[in-house]
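Hi,

Here is the structure I promised to pass on.

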Amino acid sequence: MPTLGIIGSGNIGSAIARLAVASNMNVVIANSRGVESLQELITELGPLAKAGTVEEAANSGDAIALSIPLTAVKDLPAGLLRGKIVLDTSNYYPFRDGRIADLDTGTTTTSELVARWLDGARYVKAFGNILAHHIPLLSRPSGAPDRSALPIASNDAQTKSQAAAIIERLGFDTLDAGTLAETWTFEPESAGYTRIYLADQSTPDDQLLSSTPGPTPADQVKAALDSATRVNVAERAF
């Protein structure tokens, strides 16, 4: 039985953990607050899940879901994820992360920056363009007619294929969104970010966290990414 290591127990990390145990995967989940802080979540997840240190989650997983604040990534132990398939949800939020010059100038994407920080990891950008509460609501069994798709990107085709198999087990189709240089198409405020999964596209911003999702197949995701224009990150406050 495969094991998914999860580093980060926030809304997205916890949502992925729920999908993993529902798909009969073992889960080892870690956060910065320690094992004791995870006991309620572990009880909810059941016998397939256990809490561990960041190192235990990294070492136990056949793949790793990384869902921590962007600036915390560079503080992970050097080489921790070397050789591991990493499904990274990172986004750049200046209000939280402060200004990062390399991103503000547009010389690199968030994913390219994180991949550099995680030197040696088999890096895939995934789950970063969907609201956390939409993840369990849109997950469907393989072959379901109302299954939704998530864009994934990587600079390595084999890694991308293996990541797609994991995500499909978790309940989503995948769309090949290209390389890490192209991930701006589904970064915050882009056409491929969060709103594409809304049942009602007119939902006000202040209601997004309680919004209802609608099935979003791969062709709809592709159309959104194809229509995207690059956001001027230096002008973003969010």
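This is a predicted model: local features need pLDDT of at least 70, side-chain atom pairs count only at pLDDT 80 or more; totals for chains, interfaces and linings use all residues.

Numbering starts from 1 along each chain as its sequence is written, and side-chain values use heavy atoms, with hydrogens and water left out.

The largest pocket comes out at about 1,000 Å³. Its lining has 41 residues, with Ile-12, Asn-91, Tyr-93, Arg-96 and Tyr-193 closest to the centre. Two or more lining residues come from each of α1 (11-22), α4 (70-73) and α5 (94-97), and α1 gives the most, with three. By class, the lining splits into 19 nonpolar, 16 polar and six charged residues. The second largest pocket has about 170 Å³. Leu-103, Glu-187, Arg-230, Val-231 and Val-233 are the closest to its centre, out of 16 lining residues.

For the terms: a pocket is an open set of points on a 1 Å grid over the protein atoms alone, where a 1.4 Å probe fits, with protein on both sides within 12 Å along at least five of seven lines; lining residues have an atom within 4 Å of a point. Volume is the space filled by probe spheres set on the points, which are joined across faces, edges and corners. Nonpolar is Ala, Val, Leu, Ile, Met, Phe, Trp, Tyr, Cys and Pro; charged is Asp, Glu, Lys and Arg; the others, Gly among them, are polar. Helices (H or I, at least four residues) and strands (E, at least two) are DSSP runs, numbered from the N terminus.

Salt bridges. The whole structure has 11 of them (a side-chain nitrogen of Lys or Arg within 4 Å of a carboxyl oxygen of Asp or Glu). In one, Asp-102 pairs with Arg-116 at 3.7 Å between the closest N and O atoms; Asp-102 is in α6 and Arg-116 in α7, 14 residues apart. Another joins Glu-189 and Arg-236 (3.9 Å, N to O). Here Arg-236 is buried at 5% relative accessibility, while Glu-189 is partly exposed at 46%.

Cheers

Conventions
Buried means under 20% relative accessible area, exposed over 50%, partly exposed in between (1.4 Å probe, protein chains only).
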